[in-house]
Amino acid sequence: MISEKMETALNQQVNAELYSSYLYLSMSSYFSELNLSGCAHWMRLQAQEELSHALKIYDYLNERGGRAQLGAIEAPPQKWDSPVEVFESVVCHEQKVTGLINQLVDLAIGEKDHASNNFLQWFVAEQVEEEASANEVLQKIRLAAKEGGLFILDQELAKRVLTPAA
Ligand code: FEO
């Protein structure tokens with residue numbers, strides 16, 4: 001059985017993951033408006049990945065005898081100044097999420113909740129990947145914007161396929 005403190009903290013993370021999904025969907029919509037369909041596709045899949053993260057925690061809460069309590073999701077921004085600014089925001093956002101995951105691990109360790117600590121290690125590894133992939137796109141998009149190769153980058157992003165959470 002999960003503690004009330006851990007349950008509350010994991011519910012906050014469900015909300016944070018749903019917000020991430022909402023944020024990336026909003027970014028996808030921004031790219032669609034610019035007719036950058038590859039960027040829009042990449043962001044849409046990112047939004048789906050974030051939803052799968054939320055569901056992973058939701059399932060874990062139920063499995064541990066806890067309760068997933070769904071609160072309001074904050075409205076994400078609608079506009080950015082440029083595609084580069086969007087990906088700068090993604091990198092920033094993922095760094096923030098990594099901080100949230102680390103806090104959850106700290107709590108699980110403090111509570112001697114080995115099951116939650118073990119569960120959260122998947123997210124620790126995932127965040128390494130999330131930050132690296134967001135950084136990679138940011139570096140490429142900066143280069144493309146400078147060199148005028150944004151169209152080529154957009155084609156590359158269009159090839160992304162969904163990798164569901166294990
Ligand atoms: Fe669910 Fe992008 O972290």
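Tutor: Welcome! Let's begin with residue classes: Ala, Val, Leu, Ile, Met, Phe, Trp, Tyr, Cys and Pro count as nonpolar, Asp, Glu, Lys and Arg as charged, and the others, Gly among them, as polar. This is a predicted model, where local features need pLDDT of at least 70 and side-chain atom pairs pLDDT 80 or more, while totals for chains, interfaces and linings use all residues. Residues are numbered from 1 along each chain as its sequence is written, and side-chain values use heavy atoms, with hydrogens and water left out.

Student: How many nonpolar, polar and charged residues are in the lining of the largest pocket?

Tutor: A pocket is an open set of points on a 1 Å grid over the protein atoms alone, where a 1.4 Å probe fits, with protein on both sides within 12 Å along at least five of seven lines; lining residues have an atom within 4 Å of a point. Here the lining holds nine nonpolar, three polar and eight charged residues. Among its 20 residues, Glu 49, Glu 129, Ser 133, Arg 160 and Thr 163 lie nearest the centre.

Student: Which element gives the most to that lining?

Tutor: Helices are DSSP runs (H or I, at least four residues), numbered from the N terminus. H4 gives the most, with eight residues.

Student: Arg 160 sits over which ring?

Tutor: A charge sits over a ring if NZ of Lys or CZ of Arg is within 6 Å of the ring centre and within 35 degrees of the ring normal. The charged end of Arg 160 is 4.8 Å from the centre of the Trp 42 ring. Lys 56 does likewise over the face of Trp 122, at 4.4 Å.

Student: Is Arg 160 buried or exposed?

Tutor: Buried means under 20% relative accessible area, exposed over 50%, partly exposed in between (1.4 Å probe, protein chains only). Arg 160 has 18% relative accessibility, so it counts as buried. Ile 152 is exposed, at 59%.

Student: How many aromatic pairs are there?

Tutor: A pair of aromatic rings is described by the distance of the centres and the angle of the planes. Rings of Phe, Tyr and Trp (its six-membered ring) pair if their centres lie within 6.5 Å; planes under 30 degrees apart count as stacked, over 60 as edge-to-face and the rest as tilted. The count comes to seven. Tyr 60 and Phe 119 are stacked, because their centres are 4.0 Å apart and their planes at 5 degrees. Tyr 60 is in helix H2 and Phe 119 in helix H4, so this pair ties together parts 59 residues apart in sequence.

How values were computed: Helices (H or I, at least four residues) and strands (E, at least two) are DSSP runs, numbered from the N terminus.
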